[in-house]
Every structure is written in structure tokens, then in C-alpha cells.
Amino acid sequence: MTGIVRNISRLVDARSLLGGLALVLALGAPLSTSQSGAQEPAPEEAASDSTADHSKFKILNGPFASGQDVTKACLTCHNEAGKQVQGSLHWTWDYKHPKTGQTLGKRNVINAFCGNVASNEPRCTSCHIGYGWDDMREPPPADETAVDCLVCHADKELYAKLDNQAGGPAVAPFKDGSKTITGQQASPIDLSVAARSVGAPGRENCGQCHFYGGGGDNVKHGDLSSALMAPERSVDVHMAKDGANFACSTCHVTHAHKTAGSRYDVVAKDTKGRGGPGASREAASCESCHGTKPHPGNSIIATKLNHHTDRIACQTCHIPSFARGGVATKTAWDWSTGGKLKDGKPYHEENFVQSDGKHLHTYLSTKGDFEWGENVVPHYAWFDGEVSYTLAGDTIDPTKVVEINAISGSANDPDARIWPFKRMVGRQAYDKKLNHLVYNKVYGPDTTTAFWTNFDWAKSIKAGMDYMGVPYSGEFGFVDTFMYWPITHMVAPKEDALKCGQCHSKDGRLSDVPGLYIPGAAPFSDATKIGLGILLFVIVGLLGHMVVRLVRCGRKANG
């Protein structure tokens, strides 16, 4: 009997893995760009829809003394552009979540990286889409000439912002040793030359802020780095020149300077599957181009794969790892160890070597300890698109890991799917009596309170809290945190997509996702045992029936 049970168990496991084997074959099939499976042609790199050559406009010859002067010239023709930009999230850094009611945006939230924008404006607002916003307690500048047209539209080689001037460009004179927002040595720019170079935004324009957020290349998101400037197909099939060669705006479509796609309110499950590249939509999604049934054909394999998309995000299978292409991402940041000095001076350690040979800091007196990773396997979780932030006034439980931005969703939620995330591990300051996360002032070379120059947490936190005018007990500690970043870039070629055995196996990729039954992942689960019992009962019944028939046939023959 033991042998029979063993064989039945093998049979059931084989059946469980059969679907996985079929999916292995199917994952080699390309995603279609529509319900019918038709492929969209790659855009021509040199093609342009512009009907104007800005290098021929006399008004852009300058000379210009400031970025605002350039914007004033732009507005003579594009007379609605200023108002449009000032109504966008890129400008306001302020967002009222329609479901949670929380007031979010960069100016309001606390994060697991540099902590907060408030009180650190000249540095943090260097990546603002405008000029001169130096106080988060006030709205961004009302004057339309404060909009920075060049940061999105000028040739990146001809225009750069300084990293500590509240959005100001690298116009001479500036201090020796000054750096740009991408960490490069600053060189004086000619605003009139930059103005005459304007055109549609390229990935370099978007990348100078989005690739370098959080303090360096790929520090924050994990799937947005300088590797996407000119990636190999193995890094991103959408942005590679021998792939689709997309610009960011191909998916993140912009209308009236409002850009599709927001991490504050994600479309986790697009059931409409609208249009193709460039089509009108309020949020970028895989279904926007590939449709809701992305795997073409009517075979069992295609049908099964398309059935998976109801509960599994496309990114889960098609982005098997992030921080690819030779640029590592920061995976852990412990602020509590910051402030240590050697011989009374700040120091650093560089104990991580990136695959391109670059040494990355693993300790800084100004920031604490770090961990890095390349080709990182994502954290998987149910996600319905709703994100709830832990804001400065929210009460936390310091005995548990505090989720900076808790993601919502469960197996019982029909609007949720399993998504991949970068889960940033942090340790950051909080008020020990009030149990609130705190603001802290880190930047400010000419102050006695900024942590990066004085290495005094007590002064830094008090300065940040006083600046924002929020209650503070005066006692601080450090609490463990998680922060989640949806992974949706660095889509791998079809041949590198997850194979079924990577999930349909014991301790597979999705084994820690709650409320999920995966055939082949737990051969002796309760469900499998019940199935085995039923199958065994059927087999015993069939064998019994055969024995009875044989006995009867034998008697008839003897008779």
C-alpha cells in the first residue's frame, strides 16, 4: 500500500508540474500589443512630430541672465504652458489621495531615504521642475516664469541644475567644486544655446531627476537607473535601441503637462486594456499597450497564461530581478549609526564593488550604514493600487517594523494582483514619547543644526520639528522601517521571463505570499492530501471492481 501511495503522490506531483511545464513553454511567447496579438512597430528614433525648429527663433538667441528669462521667452508662444505645469504633481508635490484622504506628495511625506524635504529645501528642491522653491511651508512660486522649461525640453548635454540651489541652473558664477543633480562636476552653461536645443523630452531629461533620486544613481527605485539611458535589450526591452527604443513619455503619456503614472495611486489591475503607445489614458499600465489578454493564440498554454493575468501582475513574471545593467541599488539604510567620527573628522567606507568596478559607500558619517544589491529578486505581495503612508502625526508602534507606505491588497480582493516590489529596509529617527516619526534637518552647511555638518541628532531633529511647527517631546530613538517601491521598469526579454518551476515548486518565488495555493509548491498540503485520498479511494474501488470481475470470469470459465 505504501508503494501505491508513493506512486500516486508522484502522479499528482507530475500533474501539478505539468501545468508549470506548459507555462515554461508559453513564457517564451511574445506579449502582444493588443487583444488580437498584433505587434506595434518600434518608433523611428529620428522621427519627430514637431512642426517648429526652435534653433531658428530669434527670441531664443538671448542673452539670458537666468532660467526665468528663458521661461519668459518660451511663454510668448506657449502661453498656456506655465499654468499647465503649475497644475501638475511635478510642480505642486502635493496630492490628496481620493480613497485614503491622506495629503501626500514630496512636500508632505516622510521617506526611508533622506527623511523629508522640509527644512532641507535648497538641496531637495534642486530637482523641482521650477526655480526658487526654498520653503516647503509655502506653496511653490506663483510666477509662471518660475517654471523650468529647460529641464524637460533642453538637450541634457547643454543644460544642468546645481544640486543645492533650489532648482537653479549651473549658470556662472558658482562655487568651485559645485555639482549637478546627477553628481557630476558642474560646468557653466549657456542658456541661449540650451534654449535653442529644446524639443520633446527624452529619457535623459526624465532620468536626471528620476534615476538619481534619494542621493545617487539608482539609490531609490531599484528599477530606474542610468543603465536605462542606453540599455541593452537584456536590461529593458522597451528602452533598448535594438528593442522598442521607447522614450519615457511613450508609456507615461502627457496631456496638458500632466503625466500618466503615479506611485501614490497605482492602477494595479487595468481591466480596460486601452489603445497602444501614445494613446490617451490616466495611468500607464502594461495593459495600455498589450491588452488584457496579452498572450496570443487560443491554445491551452495561451489561455492558461492569460488566466494568470487576473491575479498576477505582468511585472511579476516579466521583471525577474531589478537593479540590472551594472548599477546597484541601495537595499538598506541605517541612520542610527550616522555621526561617528575618526580623529574628530567624518569618514567613509566603500566595501561594495559594483559589477562595473565602481566602489560604493557602505558607511558615511553623514548618513550611516548601507547595503547594496544587483539583480535583486523582488519582494512579492498582493496589491490593489492603494498606498497608505505613515505621516509625521501618525502614532507608530516602535516594537514592530513601521511601514512607511503600507500597500493594500489580499487574496480575497478581486481588484488585487501579486506585484513585485523593492522593499527598502530602514532604521530612522522617531519621537520616543509621542511615538511619531520625526522631521530632521540634514542639509545646511552654514548652520549649527544640520546633521551633515554637525553630526548631532538632537539638534538636527529639534531644528526639523521646530521648522515644521509640530509637537516634539525632545526624546528620540530609532525604529526599523520598510518602504515599498513598485517594480515596473527593466522588463526582460521574453526568453528571460520567469519559468513556471520558479513558482510551481517548493519554496518558490511566491511561497511567502499569503492566501495563495500554487500547484506543485506544497506536495503534501491539506488540499493535496484530500486529493490523494479521493484518488486513492477511486483507485482502490477500481481495483476491487477488477478483482470481482476476474473472479466471476474465472468461475464461469471453470463452469
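## Basis and overall composition

A residue is termed buried under 20% relative accessible area, exposed over 50%, and partly exposed in between (1.4 Å probe, protein chains only). By this criterion, 47% of the 559 residues in the protein chain are buried. The model is predicted: local features need pLDDT of at least 70, side-chain atom pairs count only at pLDDT 80 or more, and totals for chains, interfaces and linings use all residues. Residues are numbered from 1 along each chain as its sequence is written, and side-chain values use heavy atoms, with hydrogens and water left out.

## Nonpolar cores

A nonpolar core is a set of buried Ala, Val, Leu, Ile, Met, Phe, Trp, Tyr and Cys residues joined through side-chain atoms within 4.5 Å. The largest contains 57 residues, and Phe383, Tyr389 and Met483 have the most contacts inside it. Elements that each supply at least two residues of this core include strand S17 (417–431), helix H14 (457–468) and strand S19 (476–486); strands are DSSP runs (E, at least two residues) and helices likewise (H or I, at least four), numbered from the N terminus. S19 gives the most, with six residues.

Apart from this core lies another of 21 residues, among them Ala73, Cys74, Leu150 and Val198.

## Salt bridges

Ten salt bridges are counted, each requiring a side-chain nitrogen of Lys or Arg within 4 Å of a carboxyl oxygen of Asp or Glu. One of them joins Lys161 and Asp148 (2.9 Å, N to O). Lys161 is buried at 0% relative accessibility, and Asp148 is buried at 2%.

Arg233 and Glu495 form another bridge (3.0 Å, N to O). Arg233 lies in the loop between helix H8 (203–210) and helix H9 (248–251), and Glu495 in the loop between S19 and helix H15 (526–558), so the pair ties together parts 262 residues apart in sequence.
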